Amino acid sequence: MNVFALFAFTGWIEQTALSVWLRESPSLWAFPFVLILHTVGMGFLVGSNIALDLRVLGFVPRIPLSLFEKLFLIMRISFFLNAGSGLLLLIAYPTKALTNPLFYLKLALIAFGLAGALMLRNQVIRNPVADAEGVPSRSKTVAATSLVVWAGGVTAGRLLAYTYKFLMAGE
Amino acid sequence: MSPLELWLKSTYLSHMMHTWWAWPTAESLHFFGLSLLLGTVGIFDLRLLGFARQISLPALHRLIPFGIFGYFINVVTGISFFVGEPDQYLYNPSFQIKMVFMTLAGINVMLFYLTMFRHVKTRGPGENAPLAARIMGGASLVFWIGVLSCGRLLTFFRPPTRWCPWC
(Lines give C-alpha, C1' and ligand atoms only; values in the text may rest on other atoms or scores of the structure.)
Protein backbone atom coordinates (compact mmCIF):
# COMPACT_ATOMS: atom_id res chain seq x y z
CA MET A 1 0.00 0.00 0.00
CA ASN A 2 1.07 3.54 -0.75
CA VAL A 3 2.60 5.19 2.36
CA PHE A 4 0.38 8.26 2.02
CA ALA A 5 -2.75 6.14 1.76
CA LEU A 6 -1.64 4.18 4.83
CA PHE A 7 -1.13 7.34 6.86
CA ALA A 8 -4.45 8.77 5.66
CA PHE A 9 -6.13 5.58 6.81
CA THR A 10 -4.37 5.32 10.19
CA GLY A 11 -4.76 9.06 10.75
CA TRP A 12 -8.50 8.67 10.24
CA ILE A 13 -8.65 5.78 12.75
CA GLU A 14 -6.70 7.86 15.27
CA GLN A 15 -9.41 10.54 15.15
CA THR A 16 -12.30 8.20 15.85
CA ALA A 17 -13.89 8.54 19.28
CA LEU A 18 -12.88 5.00 20.31
CA SER A 19 -9.22 5.56 19.41
CA VAL A 20 -9.10 8.91 21.22
CA TRP A 21 -10.77 7.45 24.30
CA LEU A 22 -8.45 4.43 24.44
CA ARG A 23 -5.36 6.63 24.10
CA GLU A 24 -6.25 9.70 26.11
CA SER A 25 -8.65 8.63 28.83
CA PRO A 26 -7.04 8.89 32.26
CA SER A 27 -9.16 5.92 33.34
CA LEU A 28 -7.34 2.69 34.11
CA TRP A 29 -10.26 0.95 32.36
CA ALA A 30 -9.13 2.36 28.99
CA PHE A 31 -5.67 1.53 27.64
CA PRO A 32 -4.20 -0.04 30.82
CA PHE A 33 -7.08 -2.52 31.22
CA VAL A 34 -6.86 -3.59 27.56
CA LEU A 35 -3.11 -4.15 28.04
CA ILE A 36 -3.78 -6.34 31.08
CA LEU A 37 -6.33 -8.42 29.14
CA HIS A 38 -3.87 -8.80 26.27
CA THR A 39 -1.16 -10.01 28.67
CA VAL A 40 -3.41 -12.47 30.55
CA GLY A 41 -4.59 -13.83 27.19
CA MET A 42 -0.99 -14.11 25.99
CA GLY A 43 -0.02 -16.00 29.13
CA PHE A 44 -2.78 -18.56 28.71
CA LEU A 45 -2.47 -18.88 24.90
CA VAL A 46 1.31 -19.23 24.85
CA GLY A 47 1.31 -21.14 28.15
CA SER A 48 -1.19 -23.78 27.05
CA ASN A 49 0.73 -24.19 23.78
CA ILE A 50 3.94 -24.70 25.78
CA ALA A 51 2.14 -27.32 27.92
CA LEU A 52 0.95 -29.12 24.76
CA ASP A 53 4.45 -28.97 23.22
CA LEU A 54 6.04 -30.32 26.40
CA ARG A 55 3.61 -33.25 26.44
CA VAL A 56 4.24 -34.07 22.78
CA LEU A 57 7.99 -33.92 23.43
CA GLY A 58 7.52 -36.44 26.23
CA PHE A 59 8.01 -34.36 29.39
CA VAL A 60 4.68 -35.15 31.10
CA PRO A 61 4.13 -38.68 29.76
CA ARG A 62 1.49 -39.73 32.30
CA ILE A 63 -1.27 -37.55 30.85
CA PRO A 64 -3.05 -39.39 28.00
CA LEU A 65 -2.66 -37.37 24.81
CA SER A 66 -6.39 -37.40 24.11
CA LEU A 67 -7.02 -35.39 27.31
CA PHE A 68 -5.09 -32.47 25.84
CA GLU A 69 -8.18 -31.82 23.73
CA LYS A 70 -9.37 -29.87 26.82
CA LEU A 71 -6.49 -27.45 26.42
CA PHE A 72 -7.89 -26.30 23.10
CA LEU A 73 -10.78 -24.64 24.93
CA ILE A 74 -8.27 -22.50 26.86
CA MET A 75 -6.40 -21.76 23.62
CA ARG A 76 -9.60 -20.76 21.83
CA ILE A 77 -10.85 -18.48 24.62
CA SER A 78 -7.45 -16.82 25.09
CA PHE A 79 -6.98 -16.44 21.32
CA PHE A 80 -10.28 -14.60 20.91
CA LEU A 81 -9.58 -12.52 24.02
CA ASN A 82 -6.29 -11.47 22.41
CA ALA A 83 -7.71 -10.93 18.94
CA GLY A 84 -10.24 -8.56 20.56
CA SER A 85 -7.86 -6.78 22.93
CA GLY A 86 -5.21 -6.66 20.19
CA LEU A 87 -7.67 -5.01 17.81
CA LEU A 88 -8.37 -2.34 20.47
CA LEU A 89 -4.63 -1.73 20.94
CA LEU A 90 -4.33 -1.43 17.15
CA ILE A 91 -7.22 1.07 17.05
CA ALA A 92 -5.47 3.11 19.77
CA TYR A 93 -2.13 3.32 17.89
CA PRO A 94 -2.65 2.15 14.27
CA THR A 95 0.27 4.10 12.75
CA LYS A 96 2.65 2.83 15.42
CA ALA A 97 1.84 -0.82 14.68
CA LEU A 98 1.25 -0.79 10.92
CA THR A 99 4.49 1.04 10.08
CA ASN A 100 6.58 -1.45 12.08
CA PRO A 101 7.73 -4.59 10.20
CA LEU A 102 7.93 -6.45 13.54
CA PHE A 103 4.15 -6.15 13.88
CA TYR A 104 3.67 -8.22 10.70
CA LEU A 105 6.33 -10.68 11.89
CA LYS A 106 4.40 -11.05 15.16
CA LEU A 107 1.15 -11.78 13.28
CA ALA A 108 2.95 -14.30 11.07
CA LEU A 109 4.47 -16.05 14.11
CA ILE A 110 1.03 -16.26 15.77
CA ALA A 111 -0.39 -17.77 12.57
CA PHE A 112 2.46 -20.32 12.50
CA GLY A 113 1.95 -21.12 16.20
CA LEU A 114 -1.77 -21.71 15.72
CA ALA A 115 -1.11 -23.84 12.63
CA GLY A 116 1.31 -25.92 14.73
CA ALA A 117 -1.32 -26.46 17.44
CA LEU A 118 -3.84 -27.61 14.82
CA MET A 119 -1.27 -29.97 13.28
CA LEU A 120 -0.55 -31.51 16.69
CA ARG A 121 -4.27 -31.90 17.28
CA ASN A 122 -4.69 -33.83 14.05
CA GLN A 123 -1.47 -35.83 14.32
CA VAL A 124 -1.55 -36.90 17.97
CA ILE A 125 -4.39 -35.54 20.13
CA ARG A 126 -7.16 -36.89 17.91
CA ASN A 127 -5.15 -39.92 16.85
CA PRO A 128 -6.59 -42.89 18.80
CA VAL A 129 -3.39 -44.94 18.52
CA ALA A 130 -0.92 -42.20 19.48
CA ASP A 131 -1.00 -43.13 23.17
CA ALA A 132 -0.21 -46.77 22.43
CA GLU A 133 2.24 -46.33 19.57
CA GLY A 134 4.00 -43.20 20.74
CA VAL A 135 4.33 -39.77 19.19
CA PRO A 136 5.64 -39.72 15.59
CA SER A 137 8.93 -37.88 15.22
CA ARG A 138 7.45 -35.33 12.78
CA SER A 139 5.06 -34.28 15.60
CA LYS A 140 8.00 -33.81 17.94
CA THR A 141 9.55 -31.55 15.31
CA VAL A 142 6.31 -29.57 15.15
CA ALA A 143 6.26 -29.25 18.96
CA ALA A 144 9.88 -28.13 19.20
CA THR A 145 9.33 -25.60 16.39
CA SER A 146 6.18 -24.40 18.11
CA LEU A 147 8.13 -23.57 21.30
CA VAL A 148 10.56 -21.43 19.29
CA VAL A 149 7.74 -19.78 17.30
CA TRP A 150 5.75 -18.78 20.41
CA ALA A 151 8.88 -17.47 22.16
CA GLY A 152 9.54 -15.46 18.97
CA GLY A 153 5.97 -14.16 18.93
CA VAL A 154 6.23 -12.98 22.54
CA THR A 155 9.58 -11.33 21.80
CA ALA A 156 8.30 -9.60 18.64
CA GLY A 157 5.29 -8.31 20.60
CA ARG A 158 7.44 -7.00 23.42
CA LEU A 159 9.87 -5.30 21.02
CA LEU A 160 7.02 -3.31 19.42
CA ALA A 161 7.38 -0.91 22.35
CA TYR A 162 11.03 -0.25 21.43
CA THR A 163 11.15 -0.36 17.65
CA TYR A 164 8.36 1.85 16.25
CA LYS A 165 9.23 4.55 13.72
CA PHE A 166 6.07 6.66 13.90
CA LEU A 167 3.84 6.92 16.95
CA MET A 168 0.96 8.67 15.18
CA ALA A 169 0.08 9.79 11.64
CA GLY A 170 0.21 13.47 12.52
CA GLU A 171 3.96 13.42 13.17
CA MET B 1 18.43 9.27 46.13
CA SER B 2 18.78 7.00 49.13
CA PRO B 3 22.08 5.17 49.83
CA LEU B 4 20.42 1.92 48.72
CA GLU B 5 19.45 3.39 45.34
CA LEU B 6 22.91 4.91 44.85
CA TRP B 7 24.54 1.59 45.58
CA LEU B 8 22.19 -0.35 43.31
CA LYS B 9 22.78 2.10 40.47
CA SER B 10 26.54 1.73 40.86
CA THR B 11 26.48 -2.05 40.30
CA TYR B 12 27.58 -3.76 37.12
CA LEU B 13 24.08 -5.21 36.64
CA SER B 14 22.53 -1.74 36.75
CA HIS B 15 24.94 -0.47 34.09
CA MET B 16 24.34 -3.53 31.96
CA MET B 17 20.56 -2.96 32.10
CA HIS B 18 21.15 0.38 30.34
CA THR B 19 22.76 -1.10 27.28
CA TRP B 20 20.51 -0.99 24.20
CA TRP B 21 19.79 -4.72 24.29
CA ALA B 22 19.47 -5.69 27.96
CA TRP B 23 16.15 -4.11 28.88
CA PRO B 24 14.16 -5.34 25.86
CA THR B 25 15.73 -8.80 26.20
CA ALA B 26 14.86 -9.01 29.89
CA GLU B 27 11.31 -7.80 29.10
CA SER B 28 10.85 -10.52 26.48
CA LEU B 29 12.13 -13.17 28.88
CA HIS B 30 9.87 -11.79 31.63
CA PHE B 31 6.82 -12.22 29.38
CA PHE B 32 7.91 -15.72 28.32
CA GLY B 33 8.36 -16.67 31.99
CA LEU B 34 4.90 -15.33 32.77
CA SER B 35 3.48 -17.53 30.00
CA LEU B 36 5.26 -20.59 31.42
CA LEU B 37 3.75 -19.86 34.82
CA LEU B 38 0.19 -19.36 33.55
CA GLY B 39 0.43 -22.38 31.23
CA THR B 40 1.43 -24.74 34.06
CA VAL B 41 0.41 -23.37 37.47
CA GLY B 42 -2.59 -21.58 35.92
CA ILE B 43 -3.86 -24.75 34.21
CA PHE B 44 -3.27 -26.75 37.43
CA ASP B 45 -5.33 -24.14 39.33
CA LEU B 46 -8.12 -24.48 36.77
CA ARG B 47 -8.02 -28.27 37.25
CA LEU B 48 -8.28 -27.80 41.03
CA LEU B 49 -11.37 -25.68 40.35
CA GLY B 50 -12.92 -28.54 38.34
CA PHE B 51 -11.82 -27.83 34.74
CA ALA B 52 -10.75 -30.90 32.67
CA ARG B 53 -11.49 -33.35 35.50
CA GLN B 54 -10.57 -36.33 33.30
CA ILE B 55 -6.91 -35.33 33.71
CA SER B 56 -5.51 -36.74 36.96
CA LEU B 57 -4.17 -34.11 39.35
CA PRO B 58 -0.81 -35.80 40.08
CA ALA B 59 -0.17 -36.24 36.33
CA LEU B 60 -0.91 -32.58 35.63
CA HIS B 61 1.28 -31.63 38.58
CA ARG B 62 4.29 -32.79 36.57
CA LEU B 63 4.01 -29.56 34.59
CA ILE B 64 4.70 -27.53 37.74
CA PRO B 65 8.55 -27.70 37.54
CA PHE B 66 8.29 -25.81 34.21
CA GLY B 67 6.22 -23.15 35.99
CA ILE B 68 8.89 -22.90 38.69
CA PHE B 69 11.45 -22.45 35.90
CA GLY B 70 9.30 -19.58 34.52
CA TYR B 71 9.07 -18.08 38.01
CA PHE B 72 12.85 -18.30 38.33
CA ILE B 73 13.32 -16.50 34.96
CA ASN B 74 11.01 -13.78 36.22
CA VAL B 75 12.72 -13.35 39.58
CA VAL B 76 16.09 -12.89 37.83
CA THR B 77 14.77 -10.50 35.16
CA GLY B 78 12.56 -8.72 37.72
CA ILE B 79 15.52 -8.06 40.03
CA SER B 80 17.44 -6.78 36.99
CA PHE B 81 14.71 -4.18 36.24
CA PHE B 82 14.69 -3.13 39.89
CA VAL B 83 18.47 -2.76 40.07
CA GLY B 84 18.46 -0.90 36.73
CA GLU B 85 16.01 1.81 37.84
CA PRO B 86 15.35 1.39 41.59
CA ASP B 87 13.54 4.72 42.02
CA GLN B 88 11.01 3.76 39.31
CA TYR B 89 9.90 0.84 41.49
CA LEU B 90 10.52 1.75 45.14
CA TYR B 91 8.11 4.70 45.05
CA ASN B 92 5.64 3.19 42.59
CA PRO B 93 2.36 2.14 44.26
CA SER B 94 1.76 -0.43 41.52
CA PHE B 95 5.09 -2.10 42.35
CA GLN B 96 4.29 -2.08 46.06
CA ILE B 97 0.92 -3.75 45.48
CA LYS B 98 2.60 -6.21 43.13
CA MET B 99 4.90 -7.23 46.00
CA VAL B 100 1.85 -7.70 48.25
CA PHE B 101 0.27 -10.01 45.63
CA MET B 102 3.55 -11.92 45.29
CA THR B 103 3.68 -12.42 49.06
CA LEU B 104 0.06 -13.62 49.11
CA ALA B 105 0.76 -15.99 46.22
CA GLY B 106 3.83 -17.31 48.07
CA ILE B 107 1.89 -17.90 51.30
CA ASN B 108 -0.82 -19.66 49.29
CA VAL B 109 1.75 -21.97 47.65
CA MET B 110 3.23 -22.78 51.06
CA LEU B 111 -0.16 -23.52 52.60
CA PHE B 112 -1.08 -25.71 49.64
CA TYR B 113 2.01 -27.88 49.90
CA LEU B 114 1.87 -28.06 53.71
CA THR B 115 -1.80 -29.00 53.98
CA MET B 116 -3.47 -30.05 50.74
CA PHE B 117 -0.86 -31.54 48.45
CA ARG B 118 -0.88 -34.98 50.11
CA HIS B 119 -4.64 -35.22 49.50
CA VAL B 120 -4.45 -33.89 45.95
CA LYS B 121 -1.65 -36.35 45.10
CA THR B 122 -4.03 -39.29 45.46
CA ARG B 123 -6.81 -37.89 43.23
CA GLY B 124 -7.03 -39.68 39.91
CA PRO B 125 -8.95 -38.91 36.71
CA GLY B 126 -12.48 -37.65 37.28
CA GLU B 127 -11.97 -36.94 40.96
CA ASN B 128 -12.56 -33.53 42.53
CA ALA B 129 -9.94 -31.83 44.67
CA PRO B 130 -10.94 -31.23 48.32
CA LEU B 131 -12.78 -27.96 48.91
CA ALA B 132 -9.83 -26.28 50.65
CA ALA B 133 -7.57 -27.16 47.70
CA ARG B 134 -10.12 -25.74 45.28
CA ILE B 135 -10.20 -22.49 47.24
CA MET B 136 -6.38 -22.34 47.13
CA GLY B 137 -6.48 -22.95 43.36
CA GLY B 138 -8.89 -20.03 42.91
CA ALA B 139 -6.78 -17.84 45.21
CA SER B 140 -3.66 -18.73 43.23
CA LEU B 141 -5.27 -17.59 39.96
CA VAL B 142 -6.45 -14.33 41.55
CA PHE B 143 -3.05 -13.60 43.12
CA TRP B 144 -0.97 -14.35 40.00
CA ILE B 145 -3.29 -12.35 37.76
CA GLY B 146 -2.99 -9.61 40.40
CA VAL B 147 0.81 -9.78 40.14
CA LEU B 148 0.59 -9.59 36.34
CA SER B 149 -1.91 -6.70 36.36
CA CYS B 150 0.19 -4.62 38.76
CA GLY B 151 3.22 -5.35 36.60
CA ARG B 152 1.43 -4.03 33.53
CA LEU B 153 0.26 -0.95 35.44
CA LEU B 154 3.79 0.00 36.55
CA THR B 155 4.34 2.42 33.68
CA PHE B 156 1.08 4.23 34.41
CA PHE B 157 2.09 4.92 38.02
CA ARG B 158 5.65 5.96 37.36
CA PRO B 159 6.63 8.52 39.96
CA PRO B 160 5.98 11.37 39.95
CA THR B 161 3.41 11.38 37.10
CA ARG B 162 0.62 10.02 39.27
CA TRP B 163 -0.04 10.85 42.83
CA CYS B 164 0.44 7.97 45.23
CA PRO B 165 -1.64 8.15 48.40
CA TRP B 166 1.11 6.80 50.65
CA CYS B 167 4.50 7.15 48.98
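Q: Hi! Before we count anything, what counts as a helix or a strand here?
A: Helices are DSSP runs of H or I with at least four residues, and strands are runs of E with at least two, numbered from the N terminus. Keep in mind that this is a predicted model.

Q: What box do the C-alpha atoms of chain B fill?
A: Roughly 55 × 35 × 25 Å, taken along the principal axes.

Q: And how much of chain B is buried?
A: Of the 167 residues in chain B, 37% are buried.

Q: Which residues touch the most other members of the largest nonpolar core?
A: That core has 71 residues, and those touching the most other members include A:L52, A:L120, B:L37 and B:W144. The largest share of the core comes from α3(B), with 13 residues.

Q: What is A:L52 in contact with, leaving aside neighbours within four places in sequence?
A: A:L52 is in contact with A:F68, A:L71, A:A117 and A:L120.

Q: New topic! Where does B:A52 lie?
A: B:A52 is in the loop between α3 (22-48) and α4 (57-60) of chain B. B:A52 is not a glycine, yet its phi is positive, at about 50 degrees.

Q: Why is B:A52 called partly exposed?
A: Because 18 other C-beta atoms lie within 10 Å of B:A52, while a buried residue has 20 or more and an exposed one 12 or fewer.

Terms used:
Residues numbered from 1 in each chain as written. Chains lettered and ligands numbered in written order. Predicted model: local features only at pLDDT ≥ 70, side-chain atom pairs only at ≥ 80, totals over all residues. Core = buried A, V, L, I, M, F, W, Y, C linked by C-beta atoms within 7 Å. Contact = placed C-beta atoms within 7 Å.
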